[in-house]
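Student: Could you show me how to read a protein model, one feature at a time?

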Amino acid sequence: MKRSRSLILFSLLVALALAGCNSGSSGSGNEDTAGTTPPTNTTPPASPDDQPTEPTTVLEPSPGEGYAQKGPFQNGTTVTVEGLNPNGSLSGNTWSTETGPDGKISFQGIGWEGLAMVTVTGHYFNEIAGTWSPDTFRLRAVMPVSSSELVGNVNLFTHLAARYYEYWMPQGYSYEELRDDYLNDYLMTWFGLSTLPENLNLLDSIDPETDRDSYMLLLYSAAMASIGMTQEELDALAEDFARTDAGYGDDWPDGTGKDALVRLFNEAQQNEQTLVAQARQNLETEFGRSMPAVSAGSNRVAGTICVYAGLLCEWGDLYNIPIGTEPRDIPVSINFAGSYGVLINFDGSSQGVNAVFSNIPGGSAIRSASGTASSFIEFMVRPLAGDRRYNLRLGSNVAKTATRISLFSLSQGTETQPYPLKVGDNDGRVGLEWGTSRNTDSYYQLIAGPGRYRFTIGGYPCGTTIAPVVIRGYEWDLDIREPLPEDRQGNNPFNTAPAVVADENSCSHQFELENDTHPNRLYLHLEAIGIRDTMINVNRAIHHNYTIRVERI
C-alpha cells in the first residue's frame, strides 16, 4: 500500500504496443456486454413505469436515496444491500429492493444502517446505442447506507472502488482510511476525479465541481458502451486496480483487465466530444434531461491515461522518446491552471535539440528552449489555463533519445481559474522567484456550504526576518447556483478587497472566513514573497510545498 500518487506506470513504448495490439474486445460473445449493437430482441421495458418519465423537479440528492447509473438502470432492477463489518466481512444484515424510475434507489424501510456493499443487477440504458441493454449487468458500491441520511449512487467508478475496499479492508485498513487517504488520490490519478464517485450523477446538475466530475463519468460510461466492454472485462479491470494498489509500476499484470483499460482510455481520448454529445442526446431523449456538458473534458486526465495514450501530464512521465530532424509533437494535458515546469532528460548532450511549447501543433511558441552541452532542457511556462491541451514540439539536427520527459506544477491556479480546495488537508505549491522570472502566486477556491471555516497555511520555512508568505482571504457573496450579475460578468474575486490578510512573521498562518446562508465560494491568494534563490540557472523551474488545512467550525 502506497500513500503517494502514482508517478510512473509503464513506459510509453510498452503502452503504445499494448494499444496497438488490443483494439478489439477480449470478451466472449455470451458475456454481459455494454456494446453498441444489441440484438433485435432487446429486452423491452418491464412495465409502463419504464417508459420515459417527466424530469424530477429536485435536482439534488435527497436523504435515503441514490441512483443506479451505468446509464440509468431499468425500473424494477434488483438491488441487494449487504452490511459490512469494519474489517470488510459480512455483518449478517441484508436487505433488497428494486429501482424506481431513472434508476432511483430508495433505502426507506431498510431497518438498519451502516457500511454496506450495494449491488445492482439488471438492464441499463446504453448511452451510445440509445436502447436498453439486452443482457443484465452488475455494478457495485461500498458506502454507508441509511433511510434518513444522504447515501450515494452506484456507477462505473464505484464498481472499481468497491473491489478496492473489499480487497484492502480485511488487511487492516479502515473504510475511512482507504477512502480519504488512498482512493481519492488514486481516482484522481486514474480518471481526474476530485469528487467521491458515489456523489456523481449522469442526469442531474449538483454543483460546479461535482458536475465537472460527472462529465468524466459520462465520458467513460459512454466509452465503455462504445467499445462493448463486458462484465468480465470490467471485473478484471477492478480486480487489477485493487490487487496492484491502483496500478503502480510494473505490477499491473498483462491480461483481460489491462487490455480493457487500454481500449477504454484510447476511446475516451480519441472520441471525447462525439461520445459525450451522443450520450447526452440519448439521455435527453429517454429521460428528459442529462447533466450539463461542462467543459472539463478528458484534458483533466490522470497519470495512467497519459502513459497509455502518449500524453504528457503532471502525473505521467514519458520515457525513451526518439527525436530527429522531423519534428515530433507531444500532446500536453494541463489539469489545473497555474505555472508549470518542463524537464527533458537525454542519454547524452542536449546540444542541437529545440523544444517549442505552444497551444497547438505548429502554433506560435508560448515558450521555447534550445539544448546545450548539459544532458537536460528545463524551462517554465506561465500562466497556463486548466482543462486545456497544449503541445510540446521536439526536434533535433541529429538523432537523439529523450530518456524522460516530465511536467510538474510550480504554482497553482490563476485569478480566473483558482485551484480547488476541499475540507481537510490540501497540498499547496508556490514557486520560488529568480531573476526576472516569477511564479510566486497561487490562487485557491473552496466551494462551501453555509458556516464558518478555519484555514491553516503551513509547511514553509520560518524564522526569517520577513514573513515568507502573504495570504489574502476573500468572501464573495454570490450564490454558486445562480449566474453572475451582469456587472460582475468577466470579473474575478481577487480584484476586490480581501476579508483577511495574514502577513505576520510566523511559522504558519491561521484565520477564518465566514460563508452565509447559501452555497458560496471562499478564495485564497497565496504569495511567497520571502523565499528567493538567486544561485540557480535562470531557466530552472522549482517550487516550494505548503499545506492548506480547511476545517468547518
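Student: In which strand is arginine 452 found?
Tutor: Helices (H or I, at least four residues) and strands (E, at least two) are DSSP runs, numbered from the N terminus. Arginine 452 is found in strand S20, residues 451-458. Before we go on, a word on the source: this is a predicted model, in which local features need pLDDT of at least 70, side-chain atom pairs count only at pLDDT 80 or more, and totals for chains, interfaces and linings use all residues. Residues are numbered from 1 along each chain as its sequence is written, and side-chain values use heavy atoms, with hydrogens and water left out.

Student: What is pLDDT, and what does the protein chain average?
Tutor: pLDDT is the predictor's confidence in each residue, from 0 to 100. The protein chain averages 82, and 82% of the residues score at least 70. Over residues 2-58, though, the pLDDT is below 50, and this stretch has 135 contacts in the model beyond near neighbours in sequence. Where pLDDT is low, the predicted coordinates should not be read in detail.

Student: How many helices and strands does the protein chain have?
Tutor: The secondary structure comes to eight helices and 25 strands.

Student: Back to arginine 452: which residues is it in contact with?
Tutor: Contact means heavy atoms within 4.5 Å. Leaving aside neighbours within four places in sequence, arginine 452 is in contact with Glu512, Leu513, Glu514, Glu551, Arg552 and Ile553. Take Leu513: it is 61 residues from arginine 452 along the chain, yet their C-alpha atoms are separated by 5.9 Å. In the protein chain as a whole, 78% of the contacts with a separation of 6 or more are between residues 24 or more positions apart.

Student: Which side chain makes a polar contact with the side chain of arginine 452?
Tutor: A polar contact is a pair of N or O atoms within 3.5 Å; within protein, one must be able to donate a hydrogen and the other to accept it, and residues adjacent in sequence count only if both atoms are side-chain atoms. For arginine 452 the partner is the side chain of glutamate 514, at 2.8 Å.

Student: Where is serine 146 found, and what does its side chain meet?
Tutor: Serine 146 is found in the loop between strand S8 (137-145) and helix H2 (156-168). Its side chain makes a polar contact of 3.1 Å with the side chain of glutamate 113. A polar atom of the serine 146 side chain also lies 3.1 Å from the backbone nitrogen of glutamate 149.

Student: How do the axes of helix H5 and helix H6 cross?
Tutor: Axes are lines fitted to C-alpha atoms, for helices over the stretch in contact, and angles run from 0 to 180 degrees between N-to-C directions. The axes of H5 (residues 231-243) and H6 (residues 256-270) come within 7 Å and cross at roughly 105°. Angles under 35 degrees count as roughly parallel, over 145 as roughly antiparallel, 65 to 115 as roughly perpendicular and the rest as oblique. So H5 is roughly perpendicular to H6. Among the residues that meet are Leu237 in H5 and Leu261 in H6.
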